[in-house]
Amino acid sequence: MPELPEVEVTRLSFADRIAGARILSARTGKPLRWALGCDTARLTGRTVRGVRRRGKYLLVDLDEGLLLLHLGMSGSLSFAATQPPPGPHDHFDLATTRGTLRLNDPRRFGAVVYASNEAAPQAVKLLGRLGVEPLGDDFDASAFHAALRGRHAPIKQVLLAGDIVVGVGNIYASEALFLAGIRPTTRASRISPVRAARLHAAVRDVLARAVQKGGSTLRDFSNAHGESGYFQLEAQVYDRAGLPCRVCETPVRRIVQGQRATYYCPRCQR
Ligand SMILES: [Zn+2]
């Protein structure tokens, strides 16, 4: 499943090239998770102003309205001057004067949704409950600690919920908790200010390094493929059950929290 770093690298792969392009036509394929919400003809003639990211959504700003794109479980975007004829899993094409943006999504949990502006119900439904951006200036260590104090759930699940800080998926949550030395089962409300500050720094660190790693592969990125997976950061604990901790050599443990696998070092994480 594409996580925040993959979505950000996807954005970087085409945002500069599509900015300023005029839309020639749009094509929809099989139904996606949510309907486009407008006639494709409404997009023709519009100009793409730029591409932003909010959580795991890409926001393609038009001179009138915007498109909200989500990659779901298996979606990937490609932007190229010419695209081959659409295949069975190509469910959205946006043909522009600079090239065609295409969504390929075999499982169809992704979506492309039109909204007339960000305050419109279609946009608020998707973006309205998102927490702050982990890599943005609004993600502040003391505000983070204050938000955690109100939560009695285990910290790992609070990170995944996305309403305090957005886009910290399963892999990056496990890794950030290891870096911060915090056991994933710790109640969020019991994390001290010092440990919350350490976790805040760790979340930013793992995500920023993943974006950087993905960005370094961008040179030959005509495609930003979600399925090419994670940017091969050397995982400290994720998917390393039974293997020695890279710091203390204690075997890494695997547990299940909220139906998701969690990995941690019982010695380094308290
Ligand atoms: Zn350890």
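Okay, helices here are DSSP runs of H or I with at least four residues, strands are E runs of at least two, and both are numbered from the N terminus. Keep in mind that this is a predicted model: local features need pLDDT of at least 70, side-chain atom pairs count only at pLDDT 80 or more, and totals for chains, interfaces and linings use all residues. Residues are numbered from 1 along each chain as its sequence is written, and side-chain values use heavy atoms, with hydrogens and water left out.

Let's start with Val 247. You'll find Val 247 in the loop between strand 9 (223-224) and strand 10 (253-257). So, buried or exposed? Val 247 is exposed, at 59% relative accessible area (exposed is over 50%, buried under 20%, partly exposed in between, with a 1.4 Å probe and protein chains only). Skipping neighbours within four places in sequence, Val 247 is in contact with Phe 178 and Cys 268, where contact means heavy atoms within 4.5 Å.

Now Glu 8, over in helix 1 (residues 4-18). Glu 8 counts as buried because its relative accessibility is 12%. Which residues does Glu 8 contact, leaving aside neighbours within four places in sequence? Those are Arg 53 and Val 211.

Last, the lining of the largest pocket. By class, we get 14 nonpolar, 7 polar and 6 charged residues there. For the classes, Ala, Val, Leu, Ile, Met, Phe, Trp, Tyr, Cys and Pro are nonpolar, Asp, Glu, Lys and Arg are charged, and the others, Gly among them, are polar. A pocket is an open set of points on a 1 Å grid over the protein atoms alone, where a 1.4 Å probe fits, with protein on both sides within 12 Å along at least five of seven lines; lining residues have an atom within 4 Å of a point.
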